[in-house]
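Let's take a walk through this protein together, with the structure open beside the text.

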Amino acid sequence: MSALRSQLGKGLKELRVHFCQTSPASSGLREYIAQNYTAIKKANPELPILIREASGVEARVFARFDKGVERKAIFQNASSQDVEKMLEQLVKSA
């Protein structure tokens, strides 16, 4: 099971997901969120997960950690499987 679908550490304070609703470059991130959001949220009910869709925006995720530390990962043209691996690395990067 993915680390994201299990209890995340207390250091992670927020996830912000940005992607385009129609762009092929955002399709992997869109697909991953559609398939896994419920499981991630169920395992981490107190974690704010903000999903922002905007036309033409770059597919990316921001992770905010303790003490205001913030990391960003870009997911342009990534497959759903790549998105999962990259998100796990992002979450563990604090």
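Predicted model: local features only at pLDDT ≥ 70, side-chain atom pairs only at ≥ 80, totals over all residues.

What follows is a short tour of the sheet, the helices, the core and the charged pairs.

Four strands form an open sheet of mixed pairing, in the order 2-1-3-4. Strand 2 (49-53) and strand 4 are the edge strands with a single partner strand each, so one side of each has no neighbour in the sheet. From one strand to the next, the twist averages 15°.

Two of the pairings are worth a look. Strand 1 and strand 2 run parallel and share five bridges, and here Val 17 stands opposite Ile 51 of strand 2. Strand 3 and strand 4 (residues 70-74) are antiparallel, also over five bridges. In that pairing, Phe 62 has Lys 72 of strand 4 as its bridge partner. Four residues lie between the strands of this hairpin, and Lys 67 takes a positive phi near 60° there.

**Helices and core**

Helix 1 lies across strand 1, strand 2 and strand 3, and runs at about 150° to strand 1. Helix 2 also packs on the sheet, where it touches strand 1, strand 3 and strand 4. The direction of helix 2 makes about 25° with that of strand 3.

Which residues touch the most other members of the largest nonpolar core? The core has 21 residues, and the answer is Leu 12, Leu 15, Leu 29, Val 61, Phe 75, Val 83 and Leu 87. At least two core residues come from each of strand 1 (12-19), helix 1 (27-43), strand 3 (60-65) and helix 2 (80-92). In soluble globular proteins, nonpolar side chains tend to be buried together.

Beyond its neighbours within four places in sequence, Phe 75 is in contact with Ala 25, Leu 29, Ala 59, Arg 60, Val 61, Val 83, Met 86 and Leu 87.

**Charged pairs**

The structure holds five salt bridges.

| Salt bridge | N to O distance |
|---|---|
| Lys 13 and Asp 66 | 3.3 Å |
| Arg 64 and Glu 14 | 3.7 Å |
| Arg 60 and Glu 58 | 3.8 Å |

Lys 13 and Asp 66 form a salt bridge. This pair links distant parts of the chain, with Lys 13 in strand 1 and Asp 66 in the loop between strand 3 and strand 4, 53 residues apart. Lys 13 counts as partly exposed because its relative accessibility is 37%, and Asp 66 does so at 38%.

Arg 64 and Glu 14 also meet in a salt bridge. Because Arg 64 lies in strand 3 and Glu 14 in strand 1, the pair ties together parts that are 50 residues apart in sequence. Is Glu 14 buried or exposed? Glu 14 is buried, with a relative accessible area of 13%, whereas Arg 64 is partly exposed at 29%.

Finally, a network of salt bridges links Glu 14, Arg 16, Arg 64 and Glu 70. Arg 16 lies in strand 1, and its side chain makes a polar contact of 2.8 Å with that of Glu 14. Leaving aside neighbours within four places in sequence, Arg 16 is in contact with Leu 50, Arg 60, Val 61, Phe 62 and Glu 70.

Methods:
Residues numbered from 1 in each chain as written. Heavy atoms only, no water. Core = buried A, V, L, I, M, F, W, Y, C linked by side-chain atoms within 4.5 Å. Buried < 20%, exposed > 50% of the residue type's maximum accessible area, 1.4 Å probe, protein only. Contact = heavy atoms within 4.5 Å. Polar contact = N/O pair within 3.5 Å; in protein donor to acceptor, adjacent residues only side chain to side chain. Pairing = 2+ DSSP bridges. Axes fitted to C-alpha atoms, helices over the stretch in contact; angles between N-to-C directions. Salt bridge = Lys/Arg side-chain N within 4 Å of Asp/Glu carboxyl O.
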